[in-house]
Amino acid sequence: MDLAPLIRNVPDFPKPGIQFKDITTLLLEPGAFAHVIDGWKDRYADRGVQAIVGVEARGFIFGAALAYAMGLPFVPARKKGKLPAEAIVEEYGLEYGTDSVAMHVDALTPGQRVLLVDDLLATGGTVAAVARLAQRLGAEVVEAVFLVELPPLKGRERLGEIPVHCEVEFMVEE
Ligand code: AMP
């Protein structure tokens, strides 16, 4: 299934010069959403994955669906200040300033094999910070999976040894 035409490009959102890849148009097509989730379920069926970590906010959509399909725990990696119980925090650099993500300290256990899920890999700063959270709790990151990758932004390099899988690639100017 060709997923690329189902992802809407919104120029200059949220600021001039950004080509925003809008996955909400793909979510309007139940067959396409099912194709993505069923494909990932098959891909990871024999990889010993024990928990799914979804990255706020659009990673929750795909991550929670995959966790349900696979019968696995779902762990939200949230923006700092949103989680109610004791949490750990990792900062990451943005073009200007920093942002941070958090995870409950009891969300993962040492040795647990986890899959990281988000909608899109750009610079990789966000998911690299989420990987550090999982690793601080002793978990082993099996792979990071995304619907969309923007290869010119070199997000894979930020993830180092962690394998990456994506369904659709866009050159940034498309
Ligand atoms: P990064 O940390 O640079 O890899 O950015 C990844 C996060 O920002 C993901 O959660 C994406 O949802 C969002 N994001 C970054 N760039 C874009 C883009 N061009 N279109 C849509 N979402 C984006």
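**Close-up 1. Asp-12 sits in the loop that runs between S1 and S2.** This is a predicted model, and in it the backbone at Asp-12 takes a positive phi, near 60°, even though the residue is not a glycine. For context, most residues other than glycine have a negative phi, and most peptide bonds are trans. Pro-14 belongs to the loop between strand S1 (8–11) and strand S2 (19–22) too. Look at the link between Phe-13 and Pro-14: the peptide bond there is cis, with omega at about 0°.

**Close-up 2. Another cis peptide bond turns up going from Glu-56 to Ala-57.** Omega is near 0° for this bond. As for where to look, Ala-57 is found in the loop between strand S3 (51–55) and H3.

**Close-up 3. Here helix H2 (residues 30–44) packs against helix H3 (residues 58–70).** The crossing of H2 past H3 is right-handed. On the H2 side, the contact is built from Phe-33, Val-36, Ile-37, Trp-40, Lys-41 and Tyr-44. H3 answers with Ile-61, Phe-62, Ala-65, Leu-66, Ala-69 and Met-70. Sort the residues of this contact by type and you get 11 nonpolar, 1 charged and no polar ones.

Close-up 4. Asp-119 puts a polar side-chain atom 2.7 Å from an oxygen atom of the ligand.

**Close-up 5. Now for the backbone side of the ligand site, with Gln-19 and Lys-21 in view.** At Gln-19, a polar backbone atom is 3.0 Å from a nitrogen atom of the ligand. At Lys-21, a backbone N or O atom lies 2.9 Å from a ligand nitrogen atom.

Terms used: Residues numbered from 1 in each chain as written. Predicted model: local features only at pLDDT ≥ 70, side-chain atom pairs only at ≥ 80, totals over all residues. Heavy atoms only, no water. Axes fitted to C-alpha atoms, helices over the stretch in contact; angles between N-to-C directions. Helix = DSSP H or I, 4+ residues; strand = E, 2+ residues; numbered from the N terminus. Left-handed = near helix turned anticlockwise from the far one by under 90°. Contact = heavy atoms within 4.5 Å. Nonpolar A, V, L, I, M, F, W, Y, C, P; charged D, E, K, R; others polar. Polar contact = N/O pair within 3.5 Å; in protein donor to acceptor, adjacent residues only side chain to side chain.
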